[in-house]
Each structure stands twice: as structure tokens, then as C-alpha cells.
Amino acid sequence: MTLGILGLGRMGMQIARRLHARGFDVVGWNRSPEPRAELHAAGAKTAETIESLLGMLGSPKIVWLMLPAGEVVDEVLFGSDAAEAKLLSTATDARSLASRLTKNDIIIDGGNSFYKDSQRRAARLTERGIHFFDSGTSGGIHGQKNGFSIMVGGSKDVWPTVEPIFQSLAAGEGKNYGLVGLSGAGHFVKMVHNGIEYGMMEAIGEGLAILDASALKLDLAQVAGIWSKGSVVSSWLIDLAKHALETENFDKVVGTIAHTGEGKWTIEVAEQLGVDVRVIEDAFRVREESADPKNQQKFSNKIVALLRKEFGGHRVRYKS
């Protein structure tokens, strides 16, 4: 099976490399040349333009998007006057992706798009006879090696065509994936997943902060190691916290916690549905408040910032 991947950032590169290693004929594109060179060095094909990438695909064409959520996805799919300036590399690439595809071609959005945007895009593409799958993809910077947890929305009828892709990417010996519902369902489930993630990381950070503040002079890495196996709170996040406690100089860490859209979206949707999500709300508020320098020495904030670095490769600020 041949498929094109547009966007070779942290997650896109790992998806491309994992699929290539599992026998897929991958063609990768990225606006900047360095990621293309990295993927080419790994043995996969690359293309300098989206136009040339599409020419290297079979039929039906399968294109996986790993682009920043929001207007960039719409620009690539449907075109805009700003598309060439913002993302695309040549004048010929300013044409929309949808206009280059034909009936029964397939687009997979593996980024963190808002689920209602995915529903809207699916409806618009369906009018052209193009199939659309929204793939909530979790696994961070370790997914290439360990596999991903993948939540997919889209058509049951077309699912058999793309299922081998998700199975090859999935963790748990290829079992941790599934078609969870119609268009938008994959990104909806991933949105809630990320909201839960906010609450879990904040609870771990706060618990370790209590231990740190005590007069007992505890070895927090030792405690996290004890918790990591057989404990009710054992988890990958605890494992990552242990690693951070063993390797990071906490005096140098600035406790600023960045946030993208998913936590806020989860809270807004929960309010619309009448669901109480006070833990996720509080965790999100902590992230907002971490922009204030007076909160950046909080031990719990440093833990959460470092957890984001550990699983997702997100930037952490350090004092000079």
C-alpha cells in the first residue's frame, strides 16, 4: 500500500518512519527540506511538492495529514489566497488538495483538529466523493518504537481499505486502535483523552509537590519507582515522572505549562452537554496561571511541564 504523508513534524515523522519500517510505500512531504532529508535517509520516498507527491501515489490515493489544527488544514484541503504564503512551497501547490483528488480517494487527518471541524470537512469532501477519516493519535515521541493509541472516525464501508494502516501503527501488538464512530468521532474521543490527560498530570504534579514540601526528605524518584509497578496509580505518566526526577535539575526548570486547544474544547463541550468536569477545569486553569512568573516556581507546575517534555517532546524553559 502506498500513501502520502503531509507534514513531517514530531508526530508526522514517527508515523512515516513506523509505516515505512512495516512495509508501506511511504511518500513524505514537508514545507522545509530538513525533515524530508531525514525521512529520505531512513529509506522512504519524499517529494518536494504536494503535486509531485500525489503523482507518486496509486489509486485510490491515500493522503495522511499531520498539520497544525485550524485554518492550515482548511487551506490545504480547500485552498485559500493565503495558502501559498502560509504553508505551500510553489505556485502550483497553491491549488487545494481536494481539487487534485478524485472519487474514492481518501484523506486521513491525524492531527488534533476540533471534532466539529472534522465533521464539516468530511461533509464537504463527501460531496466530491472523497472519503475522510479523522484519526486521534496518541503516543507522543515514543510512538515510532512503541506504537500509538489510535481513535478513528469515518465510514464503515471504506474502513477495510485503511484499517491495515492503523493496525500497523497501533500499540499493543497492533490491537490498540479502532473505528469508534462516524466522522468526527475519532477527534472527539482524542479531545476527551487529552482533557483526562490534563487532570492526571496535574494530580501527579500536586501529589509529588506535597511529598517535596514535607520535612521527611523523601527521594521522590524512589517513590515514583515504587508506585510504577503494582500500584493503583501505576502508569506511563508515573514512569515518565520518575525519569524526570532522576535526570532533571528542578532548580533550573521554569514551571510554565503550555496548552493547546484540546483541554479547553473538552471543558466547553462538557458544559454544552451538562457534564461536571471540575478536575479538568482546574487543571486547565493551572496551565493558564502558569504564565504568571509568580507561579513558575511551583513544584507541581515543573512536574507537569517536564511530563509534557517526556512524552511529547514539548519545549521546557530553563533558567540560564
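**Close-up 1. Contacts of isoleucine 165 in the predicted model.** Ile165 touches Met1, Leu3, Leu19, Phe24, Ile62, Trp64 and Ile108, leaving aside residues up to four places away in sequence. Contact here means heavy atoms within 4.5 Å. This is a predicted model, in which local features need pLDDT of at least 70, side-chain atom pairs count only at pLDDT 80 or more, and totals for chains, interfaces and linings use all residues. Residues are numbered from 1 along each chain as its sequence is written, and side-chain values use heavy atoms, with hydrogens and water left out.

**Close-up 2. The largest nonpolar core.** This core has 28 residues. Leu19, Trp64, Ile108, Ile165 and Phe166 have the most contacts inside it. At least two core residues come from each of strand 1 (2-6), helix 1 (10-21), strand 4 (62-65), strand 5 (106-109), strand 7 (149-153) and helix 9 (159-169). Helix 9 gives the most, with five residues. A nonpolar core is a set of buried Ala, Val, Leu, Ile, Met, Phe, Trp, Tyr and Cys residues joined through side-chain atoms within 4.5 Å. Buried means under 20% relative accessible area, exposed over 50%, and partly exposed in between (1.4 Å probe, protein chains only). Helices (H or I, at least four residues) and strands (E, at least two) are DSSP runs, numbered from the N terminus.

Close-up 3. Two strands pair if DSSP finds at least two bridges between them.

**Close-up 4. Strand 5 and its neighbours.** Strand 4 and strand 5 run parallel, joined by four bridges. Ile62 has Ile106 as its bridge partner in strand 5; for Leu65 the partner there is Asp109. Four bridges also join strand 5 to strand 6, again in parallel. Ile108 stands opposite Phe133 in strand 6. Ile106 and Ile108 point one way from strand 5, Ile107 and Asp109 the other way, and all are buried. In a regular strand the side chains alternate between the two faces of the sheet.

**Close-up 5. Arginine 121 in helix 7.** Arg121 lies in helix 7 (residues 115-126). At 1% relative accessibility, Arg121 counts as buried. A polar atom of the Arg121 side chain lies 3.1 Å from the backbone oxygen of Gly70. Beyond residues up to four places away in sequence, Arg121 touches Gly70, Val73, Asp74, Leu77, Phe78, Asp109, Ser113 and Phe132.

Conventions
Polar contact = N/O pair within 3.5 Å; in protein donor to acceptor, adjacent residues only side chain to side chain.
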